[in-house]
Amino acid sequence: MGAIVSFECGSCGYVTGELGLGPAPFPERYDPVLVSCPTCRSLKVVHAPDVGKGCACGAKLRVRRGTDRVSCPRCRKRMTSVMQGLWD
C-alpha cells in the first residue's frame, strides 16, 4: 500500500498534483519513483524501469530519495508534503 501525496513550495508557490508513492504490491508492473526534471522544472512519479528513458522533453530525470526533504524543482527551497490519501 502506498500514499497519495502532493508537494507544495511555500516560497515560489509551485504545487504538484497528486502523486502515488510507496511500496507497490506488484513492483514488476508498477514501482513508483519520485523524480524531477531540470528542464520542465517539475516533480513527477514514474515506473522505476522508466527512469532511464528520461522525461518526455528529452531531459535526464533525477531520482529523489525519500519524501521528507524534497527541494522545489523551480526555486530549490524545501517543499512540504501533504498527505492526500492511500492507494493499494
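Trainee: Why is Ser42 called buried?

Mentor: This is a predicted model, and in it Ser42 has a relative accessibility of 13%. Buried means under 20%, so Ser42 counts as buried.

Trainee: Which residues is Ser42 in contact with, leaving aside its neighbours within four places in sequence?

Mentor: They are Tyr14, Val35, Ser36, Cys37 and Pro73. Contact here means heavy atoms within 4.5 Å.

Trainee: Where is Ser42 found, and in which strand?

Mentor: Ser42 belongs to strand S4, which covers residues 42–47.

Trainee: Why is S4 described as largely enclosed by the rest of the structure?

Mentor: Because five of the six residues of S4 are buried.

Trainee: What makes S3 and S4 a pair?

Mentor: Two strands pair if there are at least two bridges between them. Strand S3, residues 32–37, has six bridges to S4, so the two count as paired, in the antiparallel sense. Opposite Ser36 stands Leu43 of S4.

Trainee: How many residues lie between S3 and S4 in their hairpin?

Mentor: Four residues lie between them. Arg41, in the turn, has a positive phi of about 55°.

Trainee: How many disulfides does a search of the whole structure find?

Mentor: The search finds zero. Cys9 is in no disulfide, and the nearest cysteine sulfur, that of Cys75, is 3.5 Å away.

Trainee: Are Cys9 and Cys55 buried or exposed?

Mentor: Cys9 is buried, because its relative accessibility is 5% and the cut-off is under 20%. Cys55 is buried as well, with a relative accessible area of 10%.

Trainee: What is the order of strands in the open sheet of three strands?

Mentor: The order is S2-S1-S6, with antiparallel pairing.

Trainee: Why do S2 and S6 stand at the edges?

Mentor: Strand S2 (19–21) and strand S6 (80–87) each have a single partner strand, so one side of each is left without a neighbour in the sheet. On average, neighbouring strands of this sheet are turned by 35° against each other, direction ignored.

Trainee: How do you know that S1 is joined to S6?

Mentor: Seven bridges join strand S1, residues 2–8, to S6, and the two run antiparallel. In one of these strands, S6, Leu86 is the bridge partner of Ala3.

Terms used
Residues are numbered from 1 along each chain as its sequence is written. This is a predicted model: local features need pLDDT of at least 70, side-chain atom pairs count only at pLDDT 80 or more; totals for chains, interfaces and linings use all residues. Side-chain values use heavy atoms; hydrogens and water are left out. Buried means under 20% relative accessible area, exposed over 50%, partly exposed in between (1.4 Å probe, protein chains only). A disulfide is a pair of cysteine sulfur atoms within 2.5 Å. Axes are lines fitted to C-alpha atoms, for helices over the stretch in contact, and angles run from 0 to 180 degrees between N-to-C directions.
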